[in-house]
Amino acid sequence: MKFYITTPIYYANDVPHIGHSYTTIASDVIARWKRLNNFDVFFLTGTDEHGAKIAAAAREKNKTPQDLCNEMSAKFKEAWKLLNISYTEFIRTTEQNHLISVKEIVEILFKTGFIFKKKYEGLYCLECEKFYSQKDLDESGSCLLHKTRSIVQSEENYFFRLSSFQFELLKRISNPNHKEYIEIQPEERKNEIIGKLRLGLEDISFSRIAVEWGIPLPFDKKQTVYVWVDALINYITGVGYITDDAKFQKYWPVDVHLMAKDILWFHSVVWPAILMAVKLPLPKKIFSHGFFTLNGNKMSKSLGNVISPRELVDKYGIDAARYLMVTFIPFGPDGDISWRELTSKYNADLANNLGNLISRTIKMVEKYFNFQVSRITVNLQLARKVAVVLRKSFAESMDDMQFHKAAEVLKGVITLINRQIEIDAPWKLFKVDTKKLSSCVSSYLQAICIIAIYLLPFMPTSSERIWNMMGGIGNINETAKKYFADMIIPEDGFSAQQTKSNMMEILFPRIEK
Ligand code: MSP
């Protein structure tokens, strides 16, 4: 089975920050979760490189737009490498393949009469790359999101007949039984979209005459394709539209478009309408998560509070940074983060809860068995208990993209093991009942191996280290996939029940505030 997931393609006017990282890490966690479940995953991310905003940023920096895009897309790639993002492909909208597919789509729309020329005057926010009507702006005429004054643009350009899709879109978005149902999540945002759709749709600008930095319209070279249309088409270019039909047939339609609420409208209304117009299958799911603020403030250059992925990793390490980002606030609603609270969560979940379980178990293996627990006793009882919980509750939460809930389930099973250790009281068995002691310690090792498997999507490197520390047999990734294929714990367990003295590392050192 295939699974195709996308992040938004980020504007190449500036370097990545943890807002971009948020969506990208979440997509990566899902991609890894699906791979674990033996899906053939295609995970697309990239950079949005055309339009007035990029051109203005380049001018300001005294660079050509192309040079700026080369530089910035390299920065995004670097950040995703740092965060261990397992994307299949990184698309750039200035690539040749993308020009070909945009031209094709625009050509079809022109021939079928979905685009037409019209004189237009409107208020434009450069930051959003979007026209607004007066009622969408505040009293001073500024965009609500960016607080930047919208400028009047008066041009003759091409328009897309978005208005003619109102009812077709409403049916596809609101009726789960529709054969082309588009599932929008979370429910509240879907309802907002439905509400807005019911009010009616206006045709939208499809090209710009004043913006040179863009893809020229094939039938009117004086105009360039509106950057949002150009950008949305990346989702089909990325899986081989026009250039690789087999790939396109295999992966399109997309299983999940992931983004924040700021750009849900473009994804759930404009994009499906374009696809309907050119008769291509529609996205199956569109998930829009919330926006997070930092200590109650929007992250912005002018406030000087923008956090880079590097800062996050320097503080917590790669895996912990990934884990914290996606579990700190529920995925869907808006939220607020702060260094202070991130550190508390790090200490509570990782240094204390998970970290302590691992280190106390390893210490038992060392102290009671000199690193080698007899294989005569393999006790899988606890592992089975843990597996039952994870298989159901963890999997459900992950499938619903409720990462914070999945993390709670993990915490729950760690508590379960800790409680079992208290009940067993291995320290009382030492030198009294070696057989029972080895059976107990065996059960902890086997159970923690399962936890390591389920942690893989969040913490790919630490999971592997936990696996090795617990004496996990073979490669964790391969074993995990095999386990997910049949959900049967091998008779001899996952752990060889031995650890090495050089493996007694502290995975998540406590951070003092
Ligand atoms: N280029 C367009 C997207 C085109 S997709 C066909 C764009 N780019 S962007 O660089 O502005 O990225 C916006 C996205 O970045 C949001 O939708 C979200 O995924 C992510 N985020 C940026 N800041 C964020 C927060 N503070 N909180 C949550 N998500 C954040 O829009």
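Q: In β6, which residue is the bridge partner of Lys-118?
A: This is a predicted model, in which local features need pLDDT of at least 70 and side-chain atom pairs count only at pLDDT 80 or more, while totals for chains, interfaces and linings use all residues. Residues are numbered from 1 along each chain as its sequence is written, and side-chain values use heavy atoms, leaving out hydrogens and water. Strands here are DSSP runs of E with at least two residues, and helices are runs of H or I with at least four, numbered from the N terminus. Within β6, Lys-118 has as its bridge partner Asn-157.

Q: How many bridges join strand β4 to strand β6?
A: Two strands pair if DSSP finds at least two bridges between them. Strand β4 covers residues 115–125 and strand β6 covers residues 151–160, and the two run antiparallel. The number of bridges joining them is 10.

Q: Which strands stand at the edges, each with a single partner strand, in the open sheet of 4 strands?
A: The order in this sheet is β5-β4-β6-β8, with antiparallel pairing. An edge strand has a single partner, so one side of it is left without a neighbour in the sheet. The edge strands are β5 (130–132) and β8 (204–205).

Q: What is the order of the open sheet of 3 strands?
A: The edge strands of this sheet, β9 (207–208) and β10 (216–217), each pair on one side only. The pairing is antiparallel, and the order is β9-β11-β10.

Q: In β11, which residue is the bridge partner of Leu-217?
A: Strand β10 is joined to β11 (residues 220–225) by 2 bridges, and a hairpin of 2 residues connects these strands. For Leu-217, the partner in β11 is Asp-220.

Q: Why is α13 described as oblique to α15?
A: Axes are lines fitted to C-alpha atoms, for helices over the stretch in contact, and angles run from 0 to 180 degrees between N-to-C directions. Helix α13 (residues 339–369) and helix α15 (residues 403–424) pack with axes 11 Å apart, at an angle of about 40 degrees. Angles under 35 degrees count as roughly parallel, over 145 as roughly antiparallel, 65 to 115 as roughly perpendicular and the rest as oblique. The angle of α13 to α15 therefore makes the pair oblique.

Q: How many nonpolar residues does the contact of α13 with α15 have?
A: Contact means heavy atoms within 4.5 Å, and the residues of α13 that meet α15 include Leu-354, Leu-357 and Met-364. Ala, Val, Leu, Ile, Met, Phe, Trp, Tyr, Cys and Pro count as nonpolar, Asp, Glu, Lys and Arg as charged, and the others, Gly among them, as polar. Beside 2 polar and 4 charged residues, the nonpolar count is 6.
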